[in-house]
Structure formats: C-alpha cells, structure tokens
Amino acid sequence: MGTPLVEVRHLKKYFHTPRGELHAVDDVNLTINKGETLGVVGESGCGKSTLGRTMLRLLPHTSGEVLFEGNDILQYDARQMKALRQDMQMIFQDPYASLDSRYTVSQIIEEPLILCRKEMSKEDRNKRVKELMDIVGLAQRFVNTYPHELDGGRRQRIGVARALALNPKFIVCDEPVSALDVSIQAQILNLIMDLQDEMGLAYMFITHDLSVVKHISNNIAVMYLGQCIERAPTEELFAHPMHPYTKALLAAIPVPDPARRNQQREIIRGEVTSPIDPPPGCRFAARCPYATDECRSKPVELKEISPGHFLACAKFG
C-alpha cells in the first residue's frame, strides 16, 4: 500500500437555499496515496466537482477535515494556504472558460510563477514557460497566441502546463477531457498518465465516464447525491461491484460488440431524491429495486466488506 498524501475525513459542504440546506457533499471519507490516482465517478449533480473544490479550499467547507501530508489544511490561514497552493493544483473541465482570454499562452503559464516564485527573474520564468510547453506538447510558435485562436486540445494543454508550473504533488482533474473530441481525449489522458509516471504526481480524477476512469485510476470512489456509496481498487470494483447504483453505472458502459447488442441492461428507474434536507435513510432507496423500510429510515454507513472494498448498502453490505 502506498503512503497517504491526502486524507478526507467526514467532509461536508452544504449550501444555504430558500428551501433549506442543500447537501452537496455529505460525510465523505477518502484516501489518496502518493503517485496514485483516485477516480471519482457518478452522474451529474452528485457532488464530484464540489468535493474537489472543497478539498482545495476553492469553496469553504461546512465541517470535516482534509489532511495533506498529515496536516489539516482546512485550518490554515491565508499565508499558509498561499504556500500550499504550490503543492495542490487543479485542471478545470472547460479548457476555454478556465483561461483568461486577455492573456497569451506564455502569460497564462507564467502567472503562477509571478505570484509564487518572486525570486525568479524574467529570463528564468521565460525559460520555465518554454520548458512546460515542451512537457505538455505545445509548439513554441504558440507562445504569443491567445486561447481563442487555439482548439480545445491545445487549450487543455495550457491548463495542464499551468497546473504543473509550480511542481505540485497533487492535482484535482475535474473532467479534464469531457469537453474534447474523442481523439484529443486520448492524447490528454496519455499526457496526464505520462506526467504522473515522470513526476510521481497524485491525482483525483473526476469523471462520469467509467471507461475512462478504468483506464487511468488505481482506486475508484462512486458518489451519489453527495455521499460516497462504494470505494474499491479499480480491478475489484469492475470485477465485483456491490452497490445497485454501481452495477447500473457499469452496465451503462457501451460495449463495441454487435453480438451483445440485445443484452439486457440494468436500468435505474424512479425519481432522484432531493438533496435539500434529504431523509435519514439511503438516498438511492427511491430508485433501488431492493430497498426495504430499513433502507429508507436508517442512515447507511460506509463499511469495509472486504480488504480495501468499502460499501454503503444495508442489503448487500
């Protein structure tokens, strides 16, 4: 087992709404080891991106702990967080909205160096920018180009280069390929994996595409309405999924085999439970064919059912 770099303990993030408390992230526990990737999957609105942003303190937390190298960063002041930003970075989902349209490629990549490496000369910063462009596969001719002049793949490479500028240890990848063409997706995924091998980076890879997460992750956490309902090593999760929601997600992966075209799939039915002041029971109960009265009335805890395999399900746990 690797050495833990990031540990999330009972993390909660609630939003105040006129109708009540929206439980975007509710009592999540995770561990990410050095040099490894944790894939976080689930349908849109389940809290994946909010979890990543709360862990990096881009959003204020409601309660809980986020330990980075053993220290609870949620208690850090502004000065401590500025120093920590060099070790924790983020690659955003939209490669255009996340870049300043008024800055050139070199200015975007150079900005973290100006903010956090004040001892560096202009010459050293320019050298580092060109080095980063080479690392992510951006041609030098784009150094004075603006984001709107580039395609999605090159824009996302700029985002990757910016995230790498300060030599971080941990990067949250928030659906970094979902806005790209399939051919470009493969290039960016391979780049991210190659950089991990070369630099020993740890990733939290957020996606709704299970075929992608299988390719890149060491461990997978499945989220539903703000809660982590199953977590296991990648091979274990795909070989022995336990939660009905996880099984339905895996069944939805397209299989390029005409012989299996008419294969019956497990379809999720029913209405999604409101995340605003949800009832105490399992949040998937309204859509689960196996739900009992106990599922609907009692909180379901995430428990280890086999080594490394955690499950929150009263029926199968």
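This short talk covers aromatic pairs and salt bridges in the structure above.

What we have is a predicted model, in which local features need pLDDT of at least 70 and side-chain atom pairs count only at pLDDT 80 or more, while totals for chains, interfaces and linings use all residues. Residues are numbered from 1 along each chain as its sequence is written, and side-chain values use heavy atoms, with hydrogens and water left out.

Let me start with the rings. The structure holds three aromatic pairs, where rings of Phe, Tyr and Trp (its six-membered ring) pair if their centres lie within 6.5 Å, with planes under 30 degrees apart counted as stacked, over 60 as edge-to-face and the rest as tilted. One of them joins Y224 and F284 edge-to-face, at 5.2 Å centre to centre and 85 degrees between the planes. Because Y224 lies in strand β9 and F284 in the loop between α9 and α10, this pair ties together parts that are 60 residues apart in sequence; strands (E, at least two residues) and helices (H or I, at least four) are DSSP runs, numbered from the N terminus. Y224 is buried at 1% relative accessibility, and F284 is buried at 3%, where buried means under 20% relative accessible area, exposed over 50% and partly exposed in between, with a 1.4 Å probe and protein chains only.

Turning to charges, a search of the whole structure finds 11 salt bridges, each a side-chain nitrogen of Lys or Arg within 4 Å of a carboxyl oxygen of Asp or Glu. Among them, K122 meets E110 with the closest N and O atoms 3.1 Å apart, and this pair links helix α4 to helix α3. Here K122 is partly exposed at 45%, whereas E110 is buried at 5%.
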